[in-house]
Amino acid sequence: MASALLALALVGAACGGSEGESNGDQPVGTDEPAPVVTSGPGENGSAVSPDNTTAPTNGVSGITEGDGPGDGAGEAPGDGTAPDPDSTETGDGTAPDPPTPIPTPTPGPTEPLTGEPLVDPSIMNRPALAVKIGTSSVGRPQTGINQADVLIEVRVETITRLFAIFHSEDAVSLGPVRSARSSDPDILANFGQPVYGHSGGNPGVLREISQGESAGMLYELLWDGLPNDYWRIADRVPPWNLYTTTANIWRAAPSSLPAPPPLFEYLREGEALPSDAEPVPGVEVRYLGGTVAQFVWDAEAGGWARWQDGTPHVDMARHSDGTPNPNVEPEQVTTANVVVLQTRYTGSAACSYCPEAITVDPEGGTALVFTAGHMIRGRWSRPSASEPWKVTDNSGNPVRLSPGQTFIVLPGGDVLVMVQDFAEHLLRNR
């Protein structure tokens, strides 16, 4: 597989040890991502830029020579008077039709986490809802993640977990719900004070979650405190069988929690991508620990289709009681945007073999933004947990995303841009 990939934007593997699990892995160390390698095609002017053509400033004059009833070009009109250079009359003495004005779209209210037009004003004041979702092979396919506004993938031990962040939509069934980690409070604080649903954690992690709640970074609704709002499904083995629904958790949350701030800026209708956006067919993200995720630009779907560990990453529909819904085909996770924030990991103080993502960092790190079939190179930074990630291009301008769902990956490992043949192979054979 690696031979079919081209390392245009290669972020070096982190140099810390692997997570210490019962399989003999070494305790986690400090992971320092290597710098981006800026070599290969797609750079130094070879990227195809979008059409940013604008109307010329030296437009044609409103009076055309030779239009008057005189004998020759530039002569005075037939009444013997000199032409008025400021006149808007035509040669026959009638005023031309005024030009049709180009309407300027008036932006209406939009969803804070997707940039899409607001459909239901009643939801604007509700808090964001974050639920921890398992991604291991025994926990896939998941349910309900395609309804999330934002998905965030972060390392835990030798695998990864997802945060499914909801605000604009509900999920009738959502899971499998999995446990918390030390990385969580700082990540969740990007969304103001979101409601946080998870399945537990070790005592040290639960203290950190409680401290995060006291600091206003989240509002915890642990599953065992809501026995009627989480349930176990019959076709999965524990602990990958805990499910919930967003309506239950939102209903249990206090109404005083704030709505989430916007996390990103979004392209306006008709707005072009920046000139340094590079067309790319897809990207592969290799997490330290072994998880491999691929995103391929699917022009027909208008988004980045995701694969995980060699298979299409799909969302399987379930009824509100958690039973499978055979009337709805599984749907591949396909997002409008993929935002890669190269992230440093350290060992967690609450768990010696657990990696902790460092997502508050004034210096930040490399950012690669994939939107509308293109890649934009830049940086991310975040001076404090009270501020959301700031993602800028290499000129320091905020990167604008396409309206819709965004998948944020926090790898700490290699990031490889695909060649066209391999991307087409994945699309053909899914």
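The largest nonpolar core of this predicted model has 74 residues. Those with the most contacts inside this core are Ile152, Ile165, Leu341, Phe370, Trp389, Ile408 and Leu410. Strand β6, residues 159–166, supplies the largest share of the core, 5 residues. Apart from it lies another core, of 7 residues, including Val296, Ala305, Met418 and Ala423.

**Aromatic pairs**

The count of aromatic pairs comes to 4. Two of these pairs are set out below.

| Pair | Distance of ring centres | Angle of planes | Kind of pair |
|---|---|---|---|
| Phe295 and Phe407 | 5.2 Å | 70° | edge-to-face |
| Trp304 and Phe370 | 5.8 Å | 80° | edge-to-face |

The planes of Phe295 and Phe407 stand at 70°, and planes over 60 degrees apart count as edge-to-face, so this pair is classed in that way. Phe295 belongs to strand β14 (residues 292–298) and Phe407 to strand β27 (residues 406–409), so their pairing ties together parts that are 112 residues apart in sequence. Phe295 has a relative accessibility of 0% and therefore counts as buried. Phe407 is likewise buried, with a relative accessible area of 0%.

The rings of Trp304 and Phe370 have their planes at 80°, so they too form an edge-to-face pair. Trp304 is in strand β15 (residues 303–308) and Phe370 in strand β23 (residues 361–371); the pair links distant parts of the chain, 66 residues apart. Trp304 is buried, its relative accessible area being 0%, and Phe370 is buried with a value of 0% as well. Together with Trp297, Trp304 and Phe370 form one aromatic cluster. Phe370 is also among the residues with the most contacts inside the largest nonpolar core.

**Helix α2**

Helix α2 comprises 12 residues, 203–214. Within α2, Gly204, Val205, Ile209 and Gly212 are buried. Seen down the helix axis, the buried residues of α2 fall within an arc of 140°, which means that they line one face of the helix. On the other side of α2, Pro203, Arg207, Gln211 and Ser214 are exposed. The buried residues of α2 are covered by elements that include α1 (184–188), β7 (195–197) and β8 (219–220).

Both ends of the helix have a local feature to note. At the start of α2, a side-chain oxygen of Asn202 reaches to within 3.0 Å of the backbone nitrogen of Gly204. Just after α2, Gly216 takes a positive phi of about 80°.

**The loop at Pro383**

Pro383 is placed in the loop between β24 (374–382) and β25 (390–393). Its relative accessibility is 48%, so Pro383 counts as partly exposed; the exposed class requires a value over 50%. Pro383 and Asp361 are 22 residues apart along the chain, and their C-alpha atoms are separated by 5.5 Å. With neighbours within four places in sequence set aside, Pro383 is in contact with Val360, Asp361 and Pro362.

Key
Residues are numbered from 1 along each chain as its sequence is written. Side-chain values use heavy atoms; hydrogens and water are left out. Helices (H or I, at least four residues) and strands (E, at least two) are DSSP runs, numbered from the N terminus. The expected span of a helix is 1.5 Å times one less than its number of residues. Buried means under 20% relative accessible area, exposed over 50%, partly exposed in between (1.4 Å probe, protein chains only). The arc is that of the directions from the helix axis to the C-beta atoms. Contact means heavy atoms within 4.5 Å. A polar contact is a pair of N or O atoms within 3.5 Å; within protein, one must be able to donate a hydrogen and the other to accept it, and residues adjacent in sequence count only if both atoms are side-chain atoms. A nonpolar core is a set of buried Ala, Val, Leu, Ile, Met, Phe, Trp, Tyr and Cys residues joined through side-chain atoms within 4.5 Å. Rings of Phe, Tyr and Trp (its six-membered ring) pair if their centres lie within 6.5 Å; planes under 30 degrees apart count as stacked, over 60 as edge-to-face and the rest as tilted.
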